[in-house]
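Good morning, colleagues. Please turn to the model on the screen, which I shall take you through one region at a time.

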Amino acid sequence: MRIINAAAFLRAKIGYSLKRAFLGESVGLRLIKFIILFSSVVTLFFTSLQLYWDYRRDVSLIEKRMAEIEQSYLGSLAGSLWQMDLPQVRLQIEGILRLPDIQSVEVAVLDVGPAVEKHSGKNDVVTVGVSVSSPDIMKKYPIIYNFHGKDKVLGVVAIQASFDAIYQRLQDKVLEILITQGMKTFIVSLFTLFIFSVLVTRHLRTIAEFANQFNLEQPSPPLRLARASIKRGRSGQAAPRDELDQVVSAFNNLCGGLEQTYNQLRSVNAELKADNEARRRAEEEIKRLNIELSGMNSQLEVQVRRRTHALEVSNRELNAFSYSVSHDLRAPLRRIDGFGQILLEDCAHLLGVDGQRYVERIRNGVREMNEMVDSFLKLSRCASIELVIESHNLSDMASDIFSRLREKDPDRQVQITIQPDLVALVDRRMMRSALENLLENAWKYTRHTLSPVISIGSCVKEGKTIYYVRDNGAGFDMAYAERLFSPFYRLHSAEEFEGSGIGLATVQRIIVRHGGAIWVDASMNNGATFFFTLQQN
Amino acid sequence: MSNSTILLVEDNRDDIELAMYALRKNKIPNDIVVARDGVEALDFLFATGVHEGRSEERKPALILLDLNIPRLNGLEVLRRMRDAPETRRIPVVILTTSDDENDIIKGYDFGVNSYIRKPVELSEFTKIINQLGLYWLVLNQSSPR
């Protein structure tokens, strides 16, 4: 069943391949062309060679024949001529003429025997056949008669031979060779075509069809050519692989590779798709979060507004509180002091010495508290007053403050160094207040110093201007430096150095409000240096 | 000069007494009228309300005005009297324990003649009262009535 099918298949395929071979250019046709061409050339070459050999053989055959004629006919010819028997001569040369290829034989008589009439037959020429002027081959032999041991030349025989027969034979042979060779070539070509088609072309087409129908989406089973049974069935083990097997295996490898690559590509694609999906989801999430964030932001804004409002309210309350402190707290102090003074002035006699001293103590307390209220007010104002930032000359400010301090304390001899043109962007009143505090401190804490020196200047560090106020006064232990800027914190007793303990807190607030920082370097009995920075722009 | 009136606008009894003490100490002989709140001060100035029928002679020659007073605060009293033609030119000195900048600025904006922060020490205050009396009642040429 299978064989029939295979045969039918082959027939169909061969018909197809022949059709293709003659209708269009195919490998088979080209192969046939080349075979015919080459076969014709080879045939022609060998035919020519053979014909040449045949020609040579035939020619030599003629020559040999002529040599035989010389040996076998010349004796009897000489005898006949001796007797001048011309008819006999004619008979004899006709016998020669009957030999193959001999065209003509001519006997020229030069001499005759003594028995014959002298000169009677002299110069006779006996010719048979058709003599031509330029024969293919001609041999002349002398006819010698031995008479009593003496050779006598009686005549000359000229034999002409023609190659016509040879040519005819060669021509026939050429025709025969061409026909047989042509037939052979044709049959061999057809057979070659058939074999080539069976062995190669149909497989090539199968491969082409397979390749055409190859679909990566639905991979078919590997390519197998219908050819194995003859070749492989014979021996138990696998036959050696030929080129087609190699092509098929390479093709199958290629397909496998393609499939693998395609699958990889698909999986990569799927991954990419998944990635894209994830990214899209992430983007959605981001969008959602953004919306949430903007919601939160607006919530935050609302909250900030609420807080700001609350802060403003509390600021207002603080201001109101400051006002009430300035007024309501100071007023009763005034009264205490006022009536204390009236007591001292108008009722001293009733109080006695002790009583007067007590009233004095009361008044001192009032004065102190009043100063504290003043400082406290200053401090709280630092926080609430709006800054007017302009360029101001801190050097001028400092020298102004020092001249005021000198006026107040004309007995003090203090060496003062002010770096000229310390210009900064500050709020004039606030900065003046800060400088006042710092310089007053320096002035105050150098009171007990032998040769007091106060200097104010600036230096640049890491692109930032640092201002400093330095004195060689009492100084302090750096262990307490941290609390120095807290309100109401004092390092010295009131007896040593008076003060409310609010000055440096005020300075710090002012500096912070100017976007700067303040710090101190000091040592006990060795002066103090206050450093501060300001916002550059 | 002795018959000219000083209007002291002050709500606290102790403060009034201290002010009177200082005036007394300085032997200022003028008629002193005390208004205990803003409304009463305006009543006296415009001879209305409780002070209806105040004689024209008792119209104050100087007003010592505290700011933190009941009903109508000092600045409001100042603004209203400066709006009225009959009280526009009376010298007003704000005498207060407040040194709040806004108070000072508003005081001058509303046309105060002088802004004095009451010192805590009575002797200082007495000196100031003396200077004020001397300046506004003796040295200063008031606007004609």
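**A helix pair, a chain contact and a sheet**

Let me begin in chain B, where helix α1, residues 13–25, packs against helix α5, residues 122–139, at an angle of about 60 degrees, with the two axes 9 Å apart. Please bear in mind that this is a predicted model. Two packed helices are described by the angle between their axes and by the distance between those axes. At this angle, α1(B) and α5(B) are therefore oblique to each other. The crossing of α1(B) and α5(B) is right-handed.

Which residues meet where α1(B) and α5(B) touch? From α1(B) come Leu18(B), Ala22(B), Leu23(B) and Lys25(B), and they meet Leu122(B), Phe125(B), Thr126(B) and Ile129(B) of α5(B). Sorted by class, this contact of α1(B) with α5(B) has 6 nonpolar residues, 1 polar and 1 charged.

I turn now to the contact between the chains. Chain A gives 15 residues to it, and chain B gives 15 residues. On the side of chain A that touches chain B, α6 (243–346) and α7 (348–384) of chain A each supply at least two residues. The largest share of that side, 12 residues, comes from α6(A). As for its composition, the side of chain A that touches chain B has 5 nonpolar, 5 polar and 5 charged residues.

Next, the sheet in chain A. Here 5 strands form an open sheet with mixed pairing, in the order β6-β8-β9-β11-β10.

Within chain A, strand β8, residues 453–461, and strand β9, residues 464–471, pair in the antiparallel sense over 8 bridges. To take one position, Ser455(A) has Arg470(A) in β9(A) as its bridge partner.

My last stop is Ser486(A), in the loop between β9 and α10 (503–513) of chain A. Is Ser486(A) buried or exposed? With 12 other C-beta atoms within 10 Å, Ser486(A) is exposed, because a residue counts as exposed at 12 or fewer. Ser486(A) is 15 residues from Gly501(A) in sequence, and their C-alpha atoms are 8.1 Å apart in space.

Definitions and conventions:
Residues numbered from 1 in each chain as written. Chains lettered and ligands numbered in written order. Predicted model: local features only at pLDDT ≥ 70, side-chain atom pairs only at ≥ 80, totals over all residues. Axes fitted to C-alpha atoms, helices over the stretch in contact; angles between N-to-C directions. Helix = DSSP H or I, 4+ residues; strand = E, 2+ residues; numbered from the N terminus. Parallel < 35°, antiparallel > 145°, perpendicular 65-115°, else oblique. Left-handed = near helix turned anticlockwise from the far one by under 90°. Contact = placed C-beta atoms within 7 Å. Nonpolar A, V, L, I, M, F, W, Y, C, P; charged D, E, K, R; others polar. Pairing = 2+ DSSP bridges. Buried ≥ 20, exposed ≤ 12 C-beta atoms within 10 Å, placed from the backbone.
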